[in-house]
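User: I would like to learn how to read helix packing and nonpolar cores in a model. Please take me through an example.

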Amino acid sequence: MSGGVDSSVAAALLRKAGWEVIGVTLRLWEEEQADLTAAARGCCAWEAVQDARRAAQSLGIDHYVLNMKELFRKEVVADFISEYRTGRTPNPCIVCNSRVKFSALLQKALEMEASNLATGHYARLAYGDAGGRILLKKGLDSWKDQSYMLYNLTQEQLRRCLFPLGAMTKEQVRHKAASLGLDVARKPDSQEICFIPDNDYRSFLRRCGVPAEPGPIVDRRGDRLGTHTGLAFYTIGQRRGLGLTAPKPLYVLEIRTRDNTLVVGEREELFREGAEIEEVNLIAFPELDRVHRVSVKIRYRTAAVPAILKPLPGNGMARVVFEQPQAAVTPGQAAVFYQEDLVIGGGIIKEAL
């Protein structure tokens, strides 16, 4: 229970369905947050713990607070910093799901003699026809669907999961919370990255000691256009904050760590035909042994686009080729493969093609 409306209603629905429910809130991060509002501090704030506790009391369930700050710093924050150091753009929420919430927390839940781990994610589960696999599907609310964030869960983890909100819309969830008299019924959603105050990741990286080593900004021909302030502070597709004057808007095309160079160009130069994917996790079937037609999302808030998914030699490697070239294919971001509302699997973008 994060202290928000989604996890509170998930607990309420399970209790109504006859489950024995306990609420667990994780303490993950609280540095650099003293001067922020509770809304800006999001699910890592002490106020969120209090909100979760009040919701649990209102529902008549036990509530526990677990300190996982050290694990979160080691597995999520350190990975976030490391990825930016190497010129990649990570998604820490995905890392947190796989290494903290559905790994360490699930193990703790089993130690507490719980049978399942339930969350407020907007996603659905189903049983496969062959081999008894657990399938992951999109949530019915297309705007709130969070299946993208869950693509790397294993079969063992999915067998223990419950997603009570998968068939609901956000408005239905808020209405349910109000009917139950929960204080969080109209609480705003928390910010996207819980440990980045005001989503200012550049300031966060500087405080964490990521070096601001200036270097050249060049175009595709290699002509120097200016000087960047450190590669870690840029991402593919970025337009603002380049400090350049040009007849047409310029975008970050490539972050070249080998020679500390930022490559920029016009928007039409952003488009790529596909991507090489690493660390592939499959949900719908055990292995990728042939070519599949899929739709693929290359960022959480972008639409899925038609593509061909091909196996590659090497453990956990694949390639996607888009039906139409796509802009800002970004190393470090997740590429998640779908067939209609079914999550085939996904991986991390290693390289744009």
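Analyst: Start with a pair of helices: α1 and α7 are roughly perpendicular to each other, a label for angles of 65 to 115 degrees, while under 35 counts as roughly parallel, over 145 as roughly antiparallel and the rest as oblique. Helices here are DSSP runs of H or I with at least four residues, numbered from the N terminus. The model is predicted, so local features need pLDDT of at least 70 and side-chain atom pairs pLDDT 80 or more, whereas totals for chains, interfaces and linings use all residues. Residues are numbered from 1 along each chain as its sequence is written, and side-chain values use heavy atoms, without hydrogens and water.

User: At roughly what angle do the axes of α1 and α7 cross?

Analyst: An axis is a line fitted to C-alpha atoms over the stretch in contact, and angles between N-to-C directions run from 0 to 180 degrees. For α1 (residues 5-16) and α7 (residues 170-179) the crossing is at roughly 70°, and the axes come within 10 Å.

User: Which residues make the contact?

Analyst: Contact means heavy atoms within 4.5 Å. On α1 the residues are V5, D6, V9, L13 and K16; on α7 they are K170, V173, R174, K176 and A177.

User: Is V173 buried or exposed?

Analyst: Buried means under 20% relative accessible area, exposed over 50%, and partly exposed in between, with a 1.4 Å probe and protein chains only. V173 counts as buried because its relative accessibility is 0%. Leaving out residues up to four places away in sequence, V173 touches V5, D6, V9, Y122, L165 and M168. V173 and A10 are 163 residues apart in sequence, yet their C-alpha atoms are 8.8 Å apart.

User: How do α4 and α5 pack?

Analyst: Helix α4 (residues 69-85) meets α5 at about 160°, with the axes 9 Å apart. That angle is why α4 is roughly antiparallel to α5. Their contact includes F72 and F80 of α4 and C96 of α5.

User: Which residues touch the most other members of the largest nonpolar core?

Analyst: A nonpolar core is a set of buried Ala, Val, Leu, Ile, Met, Phe, Trp, Tyr and Cys residues joined through side-chain atoms within 4.5 Å. The largest one has 64 residues, and F72, F80, F195 and L205 touch the most other members. Helix α5 (residues 92-111) gives the largest share, seven residues. A second, separate core has 23 residues, among them L135 and V280.

Technical notes: Helix = DSSP H or I, 4+ residues; strand = E, 2+ residues; numbered from the N terminus.
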